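Let's take a walk through a protein fold together, one piece at a time.

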Amino acid sequence: MQYWLFKSEPSAFSWEMLKSKGTAGQEWDGVRNYQARNNMRAMQIGDLGFFYHSNEGLAVVGIAEVCKLAHQDSTTDDARWECVDIRAVRDVPKPVTLDDCKANPKLTDMVLVNNSRLSVQPVSADEWREICRVGGVDPAP
């Protein structure tokens, strides 16, 4: 099991919008950063990720699951850009803000804290457990 963080501006695509897609999920399209694309290429079915509202809210608000492996991004004909599909698994009862992460000594090495612009990023198992603890979520899949 690997863990990830998916960032989206809620005005463009929100956690509520992902939940409305049901078990079919949603293509995580439009990513045009090689590092983020490579992160998606490394994902496996069943990997979990935090859904993070960027710009508005700045908080982890949900947990998503990878439900389709990396494939051509349907929003471009450029073969360099791939994406995965994700589906909503559960809400985070107490959203965990960027400020919460920055203030937590257990999260000082987290990519979100050090490179908050990366739209798809890895999360270590220890970081996963800590954010789940702070957010009031059982870290088990």
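One word will come up a lot, so here it is: a residue is called buried if its relative accessible area is under 20%, exposed if over 50%, and partly exposed in between, using a 1.4 Å probe and protein chains only. Keep in mind that this is a predicted model, where local features need pLDDT of at least 70, side-chain atom pairs count only at pLDDT 80 or more, and totals for chains, interfaces and linings use all residues. Residues are numbered from 1 along each chain as its sequence is written, and side-chain values use heavy atoms, with hydrogens and water left out.

Now for the sheet. Helices (H or I, at least four residues) and strands (E, at least two) are DSSP runs, numbered from the N terminus. Two strands pair if DSSP finds at least two bridges between them. Strands of a sheet pair through backbone hydrogen bonds, either parallel or antiparallel. Here, six strands form an open sheet with mixed pairing, in the order E2-E5-E4-E3-E1-E6. E2 and E6 stand at the edges with a single partner strand each, so one side of each has no neighbour in the sheet.

Strand E2 (residues 26-27) pairs with strand E5 (residues 82-97) in the antiparallel sense, over two bridges. In those bridges, Gln26 has Ile86 of E5 as its partner, and Glu27 has Asp85. On we go to strand E4 (residues 59-72), which runs antiparallel to E5 and is joined to it by ten bridges; there you can find Val60 opposite Val96 of E5.

Further along sits E1, which pairs with E3 in the parallel sense over six bridges and with E6 in the antiparallel sense over four bridges. Tyr3 is a handy spot to look at: its bridge partner in E3 is Leu48, and it stands opposite Val123 in E6. How many of the six residues of E1 are buried? Six of the six are, so to speak, tucked under cover. In a regular strand the side chains alternate between the two faces of the sheet. You can see this in E1, where Tyr3, Leu5 and Lys7 point one way and Trp4, Phe6 and Ser8 the other.

What about the inside? A nonpolar core is a set of buried Ala, Val, Leu, Ile, Met, Phe, Trp, Tyr and Cys residues joined through side-chain atoms within 4.5 Å. The largest one has 20 residues, and Phe6, Trp28, Met40, Met43, Val84, Ile86 and Val120 touch the most other members. Two or more residues come from each of E1, helix H1 (15-20), H2, E4 and E5, with E4 giving the largest share, four residues. Apart from this core lies another, of 19 residues, among them Ile63, Val92, Trp128 and Val137.

Next, the rings. Rings of Phe, Tyr and Trp (its six-membered ring) pair if their centres lie within 6.5 Å; planes under 30 degrees apart count as stacked, over 60 as edge-to-face and the rest as tilted. The structure holds seven aromatic pairs. In one of them, the rings of Trp15 and Phe51 have centres 5.5 Å apart and planes at 55°, so this pair is tilted. Trp15 lies in helix H1 and Phe51 in strand E3, 36 residues apart in the chain. Both are buried, Trp15 at 3% relative accessibility and Phe51 at 0%. Phe51 also forms an edge-to-face pair with Trp28, 5.6 Å centre to centre and with 85° between the planes. Trp28, in the loop between E2 and H2, counts as buried at 6% relative accessibility. Phe6, Phe13, Trp15, Trp28 and Phe51 form one aromatic cluster.

Finally, find helix H5 (residues 125-135), whose buried residues are Glu127, Trp128, Glu130, Ile131, Cys132 and Gly135. After H5 comes Gly136, with a positive phi near 75°. Cys132 is buried at 1% relative accessible area, and Cys101 is buried at 0%. The structure holds zero disulfides.

Note on methods
A disulfide is a pair of cysteine sulfur atoms within 2.5 Å.
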